[in-house]
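Please keep the sequence and the structure open while reading.

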Amino acid sequence: MFKFFKKKRKYGALIYVSEPTIIYHTQTERTLLRVIEERLNSNNFILPSDYGLKPTHHMIKDAEIFVAIGIVGKFTSLVSREIKIAQELKKKIYTINVARKGNEIYYDFFEGIPDDMEWLSEEETQKLYEDFRGEEFSGFMKVFLGDRRRQW
């Protein structure tokens, strides 16, 4: 009875998921978590979006695995900083690049960090977010990031 109140049992290695704030609490975030669970056989996540905008980089040391999320071939400044911490701590690093082609969204999964990913500065990250939020991109943002109120 009331199975929907039951928490999902956690299993597998502890994974820190470094994600851009623009995908916090979206269908894209939920889909990424399913991709990670399938690929790494774990649903034991440290998810920065669970902590709002509070810094969580100090938790990277607790994780066995670090997953960096890129958007259209770019790491935001936050994700870039966290990757550097994970590298210093010699964590096993994976990358997922979220890209869109037409109405299709692709989740490319890599071991390590692909050489062709662009590392954005704080200013470039703000510009990227402004472009996503801009009037001409409002439809694109819904297709790419998902409507926060609806399921896939």
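In this predicted model, the lining of the largest pocket is made up of seven charged residues, two nonpolar residues and one polar residue. The space in that pocket comes to about 320 Å³, and among its 10 lining residues Lys-8, Lys-10, Leu-33, Asn-43 and Phe-45 are the closest to its centre. Helix H1, which spans residues 27-40, gives the largest share of this lining, namely four residues.

**The second largest pocket**

- The second largest pocket has a volume of about 230 Å³, and its lining is formed by 18 residues, with Thr-21, Tyr-24, Leu-53, Leu-78 and Arg-81 lying nearest its centre.
- Two elements, helix H2 (77-88) and helix H3 (122-133), each give two or more residues to the lining of this second pocket.
- By residue class, the lining of the second largest pocket holds eight polar, six nonpolar and four charged residues.

**Overall make-up of the chain**

- The chain contains seven strands and four helices, and, read from the N terminus on, these elements follow the order β-α-β-β-β-α-β-β-β-α-α.
- Of the 152 residues in the chain, 46% count as buried.

**Strand E1 and its neighbours**

- Strand E1 covers residues 14-18, and because four of these five residues are buried, the strand is largely enclosed by the rest of the structure.
- On one pairing, E1 runs parallel to strand E2 (residues 44-46) and is joined to it by three bridges; within this pairing, Ile-15 has Phe-45 of E2 as its bridge partner.
- In another pairing, E1 runs parallel to strand E3 (residues 65-71), to which four bridges join it, and here Ser-18 stands opposite Ala-68 of E3.
- Taken together, E1, helix H1 and E2 form a β-α-β unit that is right-handed.
- Val-17, which has its place in strand E1, has a relative accessible area of 2%, a value under the 20% limit, and is therefore buried.
- The C-alpha atom of Val-17 is separated by 9.5 Å from that of Leu-32, a residue 15 positions away along the chain.

- With a relative accessible area of 49%, which falls between the limits of 20% and 50%, Lys-10 is classed as partly exposed.
- Although Lys-10 and Ser-42 are 32 residues apart in sequence, their C-alpha atoms are 7.6 Å apart in space.

**Two loop residues with positive phi**

- As background to the next two residues, most residues other than glycine have a negative phi.
- His-25, found in the loop between E1 and H1, is not a glycine and yet has a positive phi of about 60°.
- The relative accessible area of His-25 is 43%, so this residue counts as partly exposed, since the value lies between 20% and 50%.
- Asn-41, found in the loop between H1 and E2, likewise has a positive phi, near 55°, in a residue other than glycine.
- At a relative accessibility of 55%, which is over the 50% limit, Asn-41 counts as exposed.

**Thr-95 in strand E5**

- Is Thr-95 buried or exposed in strand E5, which spans residues 92-101? Its relative accessible area is 0%, and because this is under 20%, Thr-95 counts as buried.
- A polar atom of the side chain of Thr-95 lies 2.7 Å from the backbone oxygen of Gly-112, so this pair falls within the 3.5 Å limit used for a polar contact.

Note on methods:
Residues numbered from 1 in each chain as written. Predicted model: local features only at pLDDT ≥ 70, side-chain atom pairs only at ≥ 80, totals over all residues. Heavy atoms only, no water. Buried < 20%, exposed > 50% of the residue type's maximum accessible area, 1.4 Å probe, protein only. Pairing = 2+ DSSP bridges. Right-handed = clockwise from strand over helix to strand, strands pointing away. 1 Å grid on protein atoms, 1.4 Å probe; cavity = no way out; pocket = protein on both sides within 12 Å on 5 of 7 lines; lining within 4 Å. Points joined across faces, edges and corners; volume = space filled by probe spheres on them. Nonpolar A, V, L, I, M, F, W, Y, C, P; charged D, E, K, R; others polar. Polar contact = N/O pair within 3.5 Å; in protein donor to acceptor, adjacent residues only side chain to side chain.
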